[in-house]
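Subject: Structure handover

Hello,

Here is the structure for your files. My notes on it follow below.

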Amino acid sequence: MKLSRAGWNNVIIFSVMGMILLINQMNKGLMEPGEADSGQEVYMIDRHSAILTLEVNQQLLIERIGRTWRATPAIITGQALDQMMLAWQDNSGTVVEAPAGLEQSSAVVVTVHLAGQEQPQVFSLYPVSEQLFLYHHSHKSWLSLPLPIYRQLLPPSLL
């Protein structure tokens, strides 16, 4: 084909734009949150969300005050409180099917208010012998985490 220099430039530009669109469409399908498949690793709370308040069993309220946290009543303070809130933001679990034999009365209910969301995120935590099961009410999904993470999410001073 005989094209001028400007013609070849246009061919190259449109080819690159087409490849970019193709890659974006492929990534969009991979990155969109949808039905969680069993065995998939997902974060408990969206990594880009900011936690405003966290309430444990309607007895303990943790609020963001600027860049720090305040617990009411002050059962946990300082670095322990900072580490606990970081654990809520950074931990992920494996999506599992609903486990059998869990008693609703043994659950620790945690309500998390996130910046930019009207509805709070509600979690039920079920510590079992070797693992922690977490039910995310708004996603209607179950996560399995190692049991030591339970002590990060809710230090012994809170229980």
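In which strand is the place of Thr53? Thr53 lies in strand S2. Please keep in mind that the model is predicted.

Thr53 has a relative accessibility of 19%, and because buried means under 20%, it counts as buried. Leaving aside residues up to four places away in sequence, Thr53 touches Leu61, Ile62 and Glu63, as well as Thr111, Val112 and His113.

Now the sheet. It is open and consists of 9 strands, in the order S1-S5-S9-S8-S7-S6-S2-S3-S4, with antiparallel pairing. Strands S1 (41–43) and S4 (68–72) are at the edges; each has a single partner strand, so one side of each is left without a neighbour in the sheet. From one strand to the next, the twist averages 30 degrees.

Some of the pairings in detail:

- S1 with S5: antiparallel, over 3 bridges; Val42 has Gly93 in S5 as its bridge partner.
- S5 with S9 (residues 141–146): antiparallel, joined by 3 bridges; the bridge partner of Val95 in S9 is Leu143.
- S6 (residues 108–114) with S7 (residues 121–128): antiparallel, over 5 bridges; Val109 has Ser124 in S7 as its bridge partner.

Helix H2 (residues 78–90) packs on the sheet. The strands that H2 touches are S1, S2 (51–56), S3 (60–65), S4, S5 (92–96), S6 and S7. The direction of H2 makes about 100 degrees with that of S2, the strand that holds Thr53.

Regards

Methods: Residues numbered from 1 in each chain as written. Predicted model: local features only at pLDDT ≥ 70, side-chain atom pairs only at ≥ 80, totals over all residues. Heavy atoms only, no water. Pairing = 2+ DSSP bridges. Helix = DSSP H or I, 4+ residues; strand = E, 2+ residues; numbered from the N terminus. Axes fitted to C-alpha atoms, helices over the stretch in contact; angles between N-to-C directions. Contact = heavy atoms within 4.5 Å. Buried < 20%, exposed > 50% of the residue type's maximum accessible area, 1.4 Å probe, protein only.
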